[in-house]
Structures are given as C-alpha cells and as structure tokens.
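This report goes through selected local features of one protein model. Please keep the sequence and the structure in view while reading.

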Amino acid sequence: NEIQEPCSVQVHPDDAYARKHENDYGKAEFCLWLDVEEGTKIIRGHSAKTKEEFRKAIEEKAWDTLFVRKPVHANEFVYTPTGTIHGIEGKLMMAEVQQSSDVTYRIYDYDRKDDQGNTRELHIQQSIDVTTVPAISPELEVSESKKGKSSVVTYLKTDFFNVYEWDVVGELSLKKTGDYTLVTVIEGYGNLIVNDQSYEMKPGTSCILPAQITEWKVEGEMKIIASTPGE
C-alpha cells in the first residue's frame, strides 16, 4: 500500500465483538514500512488511562493530547492487535498482513470533506467499545534462522497469522508450514521454482502458494515477505 495523505485514525474490533455486531471477523494487522518520507509519523495508541477519560477526550475533541504519535522509518515494522488506535501522518509505502475482515471503526478523519462538502462517517461509540484502555504495546520476539547465505526472519506468530521475511542470497529451499503461503517481493530479483517450473520474481510480485504445494525454492537476491494463517 502507498499512503499519500493522513489516514483516518482507526481501531478494529476483536473476533467476539465483530461477530456479534458486524457478522464478520476482527482485524489484527502487521505492517512493514518500506519507503518512508522524512518526517512521517504513525499514530499508535492513546494517553487515556480509563474508559471515562477516553470518552471525555473524544467529546472534547482533544486529539492532540489523546493520540500518541511516533516517528517511523523504513525497514521498521509494527504489529497492531485489535483494540489499538492507529493512523499514519505523512507519506510512505508499506507491506501489510491482516486478518480477512473489512471491519474498521473510524474515530477521527481530520474533518475532511468530499466534493459535495460531506464528511465521512465516524464510529465513535464502536471505537469506545472496542479500544483497549489503557493502551498496550505488544512485545515481539523476532528470530532469524540461517540457511546457507540466505535466512528466514520470523517477525510474528499469532493465532491469526504468521509473518516471515525470506532474505534470499543465491538460493533458499523451503517447505510448507501452513495451509497456504502468501508471498510478496519487496526488494530484488530472482525466480520462484515450483515442481521444476520457474516463475520470475521482482519488486511487487505477489502470489499464493496453495495447500497442495508442499515445497519450493527461491533463487536470486531478494527480500520477500511471506505469511501463513495462524495455528
């Protein structure tokens, strides 16, 4: 995804709330920042200690003191569990992995209006209902496994999805670890080889390795973001 202007400030519900109110799933997210314009910040969490304090800040539109803003740089990553207030202010490109859900609650949209002078719908009560208070910042245990000159970095393993980076130098042979694997090249060039068939890979190339594919090989010099369903 390429972001050119501030995203609305959002929060996503967990599975239980989404099933009850939206007949859908919740939405956890993982983002790896790629190209980032200097000065770009993310909104990540909030300052309220209680739900009452959170509601009051919203009623008073105290956005500058409620939202926590942090600088962001290329090659950094963040996991956004459900219930986390988040947004982006600036310009960047990112690779994103998320639960398969469209449920997004918009808490603030910078008072923007469309060509007809209308503002977008906000979801204030839903945001109050689902936001984690006080805010939490999950600790991620990143690990790396060397495979010759190549390596596999494990960014995240959750009940919802697992996220890896394949750093390919020369070649890297891999086997199925989930029901399927989603693959996106974020840097470099090479080939994906499945059942002796070679597929060209370059920045932006994305594909799905379905369940019946149990092993494959990648060759070249590339960085690839791969994800599988959670266990």
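## A surface patch

Tyr180, Leu182 and Ile208 form a nonpolar patch on the surface, and together they have about 280 Å² of accessible area. A patch here is made of residues with over 30% relative accessible area and no salt bridge; like charges are joined within 9 Å, and nonpolar side chains (Val, Leu, Ile, Met, Phe, Trp, Tyr) within 5 Å. Accessible areas come from the Shrake-Rupley method with a 1.4 Å probe, and for residues only the protein chains shown count as cover.

The model is predicted: local features need pLDDT of at least 70, side-chain atom pairs count only at pLDDT 80 or more, and totals for chains, interfaces and linings use all residues. Residues are numbered from 1 along each chain as its sequence is written, and side-chain values use heavy atoms, with hydrogens and water left out.

Tyr180 is found in the loop between E12 and strand E13 (181–194). Helices (H or I, at least four residues) and strands (E, at least two) are DSSP runs numbered from the N terminus. Tyr180 has a relative accessible area of 38%, so it is partly exposed. The classes are buried (under 20% relative accessible area), exposed (over 50%) and partly exposed in between, with a 1.4 Å probe and protein chains only.

## Paired strands

Strand E11 (residues 150–157) pairs with strand E12 (residues 161–175) in the antiparallel sense over 6 bridges; two strands pair if DSSP finds at least two bridges between them. Thr154 has Tyr164 in E12 as its bridge partner. With 3 residues between them, E11 and E12 form a hairpin.

E12 also pairs with strand E16 (residues 215–229), in the antiparallel sense and over 15 bridges. In this pairing, Met222 of E16 stands opposite Val168.

## A buried serine

Ser127 belongs to helix H4 (residues 124–130). Its relative accessibility is 0%, and therefore Ser127 counts as buried. A polar atom of the Ser127 side chain lies 2.7 Å from the backbone oxygen of His123. Leaving out residues up to four places away in sequence, Ser127 touches Val11, Phe54, Tyr105, Arg106 and Ile107, where contact means heavy atoms within 4.5 Å.

## Backbone exceptions

Most residues other than glycine have a negative phi, and most peptide bonds are trans. Tyr110 is not a glycine, yet it has a positive phi of about 60°. Asp111 also has a positive phi, near 55°. Tyr110 counts as partly exposed at 21% relative accessibility, whereas Asp111 is exposed at 62%. The peptide bond from Val133 to Pro134 is cis, with omega near -10°, and Pro134 is found in the loop between H4 and strand E10 (143–147).

## Salt bridges

Side chains of opposite charge can pair when their charged atoms come close. A salt bridge is a side-chain nitrogen of Lys or Arg within 4 Å of a carboxyl oxygen of Asp or Glu. The whole structure has 6 salt bridges, including those in the table.

| Salt bridge | Closest N to O |
|---|---|
| Arg69 and Asp64 | 4.0 Å |
| Arg120 and Asp109 | 3.0 Å |

Salt bridges that share partners join Asp64, Arg69 and Glu89 into one network. Is Asp109 buried or exposed? Asp109 is buried, because its relative accessible area is 5%, whereas Arg120 is partly exposed at 44%.

Technical notes:
A polar contact is a pair of N or O atoms within 3.5 Å; within protein, one must be able to donate a hydrogen and the other to accept it, and residues adjacent in sequence count only if both atoms are side-chain atoms.
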